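Dear colleague,

I am handing over the structure we spoke about, and my notes on it follow. Please read them alongside the coordinates.

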Amino acid sequence: MSSQKHVEMTAEELHCQYEYMAKVKEILQHRYVHPPLAHVHSFGCQANVSDGERIKGMLAEMGYGFTDSTDSADFILYNTCAIRKGAEDRVFGNVGELQHNKRSRKDMIIGLCGCMMQQEQVAAKIKKSYPHVDIVFGTHAMHKFPQILFQALTQKQRVFQIDDSENVIAEGLPIRRDGSYKAWIQIMYGCDNFCTYCIVPYVRGREHSRRPEKIVAEARELVAQGYKEITLLGQNVNSYGKGLDGDVSFSKLLRMINEIEGDFRVRFMTSHPKDCTHELLDTISQCDKVCRHIHLPVQSGSDRILKLMNRHYTRDQYLDLVRYARAKMPDVTFTSDIIVGFPSETHDDLLQTIKLIKEVEYDALFTFIYSKREGTKAAGMDDPVPEKEKSLWFRELQAAQTEVGSRHNAALVGKTLRVLADGHAKSGEGYLTGRTDSNAVVDFKADDGHIGKFVKVHITKALSWAVLGEIVDE
Ligand code: 5AD
Ligand code: SF4
């Protein structure tokens with residue numbers, strides 16, 4: 001499958017949505033004495049969290065304030081995730097509970113959006129069994145949110161917008177970022193890869209890249225505002241630029257962002273190994289602001305399973321990439337996603353994955369038990385291994401990683417590393433936590449004034465999930 005042509009929201013469409021925002025604002029001013037409150041919760045991955053920030057930007061423009069509590073909210077929106085069944089079950093549970101809120105506050109609005117809602121059968125279930133939900137819209141309709149909310153406020157009926165129309169890139173809509181020193185920038189949307197277990201290509205559509213000049217302008221603005229860390233987001237950032245005119249690639253984009261003056265660092269995720277080129281690894285090694293940490297999901301260490309997953313690389317090709325990167329950047333670290341219990345996986349396949357994680361020496365792993373997603377190719381494959389056994393395999397894998405991770409952390413003791421202080425640590429009173437450029441978690445004693453700043457920390461002790469250190473050279 002190839003990516004679609006680049007389709008941007010037109011100036012008229014953008015203007016039209018701003019008009020809806022103004023109209024909603026006026027309605028709310030008549031309806032409420034104080035600014036109404038919105039509760040927006042995003043489930044799932046960073047792309048969803050970033051979408052949530054865009055939705056909050058539109059809500060702020062329409063005059064909403066924000067609340068963490070569903071009880072005080074006039075508008076509740078759940079931005080949902082469809083990646084695994086567990087994520088969907090959580091959403092259904094939470095939405096069910098909102099019935100009570102609606103009973104005591106008839107005028108409140110409840111909305112659902114995001115990946116789950118892009119699936120017809122889910123939207124149909126909400127329509128039938130969750131009558132207290134007023135608004136449902138999928139990922140393809142996010143840029144029309146002001147219009148949808150306007151309809152919900154003015155018509156006395158529920159609004160369902162889950163058309164499967166082309167995905168458009170919306171530039172120029174407001175955004176309200178959750179953080180003041182760390183920011184996400186979505187550089188592309190959708191996915192063309194159709195890994196056989198994954199629902200993402202079905203709910204987020206084909207790959208679409210934003211224009212590089214828009215991304216660089218956004219990054220420049222963030223740096224000017226004092227942001228210290230920018231994470232470039234996409235399902236497969238390595239294929240950034242497909243469908244755009246001109247000489248565009250992810251390597252080129254990284255170089256452009258690296259050239260922006262200022263004291264900040266750049267992260268990116270997710271890299272698909274099949275598109276991770278030597279050119280990209282050379283670029284990372286040559287760009288001083290780009291963190292030497294690569295999230296490179298391997299999914300499995302067994303060639304047979306990788307083939308069934310439609311991943312387009314072998315374990316040897318993957319290990320070659322790791323070796324090449326380490327030769328260029330001895331301090332580079334890797335993290336990965338792994339699925340345990342893919343249909344037909346055997347314990348031998350799992351042992352190959354465990355062997356691979358020991359060879360790569362991952363810094364950290366995100367491990368998942370395979371979850372069947374209707375509509376994907378893997379959903380039709382034989383899956384004879386009982387869940388109980390998969391849980392045991394899962395624990396076996398995690399135990400192997402705990403050992404690898406601890407070794408990794410122990411190797412940091414004695415080093416002095418740059419850390420972006422991020423907030424209070426679990427280690428104890430007076431401790432802050434942060435991450436090094438290579439993504440290790442570091443806890444250190446410091447006052448709150450350091451939060452959001454880069455500090456140099458001398459690492460003194462390794463724990464299994466983090467390292468401890470002391471600030472030096474303030
Ligand atoms: N079951 C379990 N894990 C999945 N992932 C994607 N789809 C599934 C599924 N059906 C995992 C992959 C991916 C991460 C974001 O979620 O490991 O890299
Ligand atoms: Fe899903 Fe594969 Fe696309 Fe990642 S690359 S979003 S795992 S289909």
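The largest cavity in this predicted model has a volume of about 220 Å³, where a cavity is a set of points, on a 1 Å grid over the protein atoms alone, at which a 1.4 Å probe fits but cannot get out, and a volume is the space filled by probe spheres set on the points, which are joined across faces, edges and corners. Of the 14 residues that line the largest cavity, those closest to its centre are T139, M142, N167, V168 and Y189, a lining residue being one with an atom within 4 Å of a point. By class, that lining divides into five nonpolar, six polar and three charged residues, with Ala, Val, Leu, Ile, Met, Phe, Trp, Tyr, Cys and Pro counted as nonpolar, Asp, Glu, Lys and Arg as charged, and the others, Gly among them, as polar. At least three residues of the lining come from each of domain 1 (11–161) and domain 2 (182–409).

As to conventions, residues are numbered from 1 along each chain as its sequence is written, while chains are lettered from A and ligands numbered from 1 in the order in which they are written. Local features need pLDDT of at least 70 and side-chain atom pairs count only at pLDDT 80 or more, whereas totals for chains, interfaces and linings use all residues, and side-chain values use heavy atoms, with hydrogens and water left out.

The chain is divided into domain 1 (11–161), domain 2 (182–409) and domain 3 (416–471), with bounds that come from an automatic or database domain assignment. The C-alpha centres of domain 1 and domain 3 lie 37 Å apart. Because domain 2 and domain 3 both give residues to the lining of the second largest pocket, that pocket lies between them; a pocket here is an open set of points with protein on both sides within 12 Å along at least five of seven lines. The volume of the second largest pocket is about 460 Å³, and among its 23 lining residues D331, V332, T333, L417 and S438 are the closest to its centre. Its lining holds nine nonpolar, four polar and ten charged residues.

Around ligand 2 stand C191, N193, F194, C195, Y197, C198, V200, P201, Q235, H272 and R311, each with a heavy atom within 4 Å of the ligand. Seven residues of this shell are nonpolar, three polar and one charged.

Finally, the structure holds eleven aromatic pairs, that is, rings of Phe, Tyr and Trp (its six-membered ring) with centres within 6.5 Å, called stacked with planes under 30 degrees apart, edge-to-face over 60 and tilted for the rest. One of these pairs, F137 with F145, is stacked at 5.4 Å centre to centre and 25° between the planes, and both of its residues are buried (under 20% relative accessible area with a 1.4 Å probe, protein chains only; exposed is over 50%, partly exposed in between). F137 and F145 also belong to one aromatic cluster with Y64 and F75.

With regards
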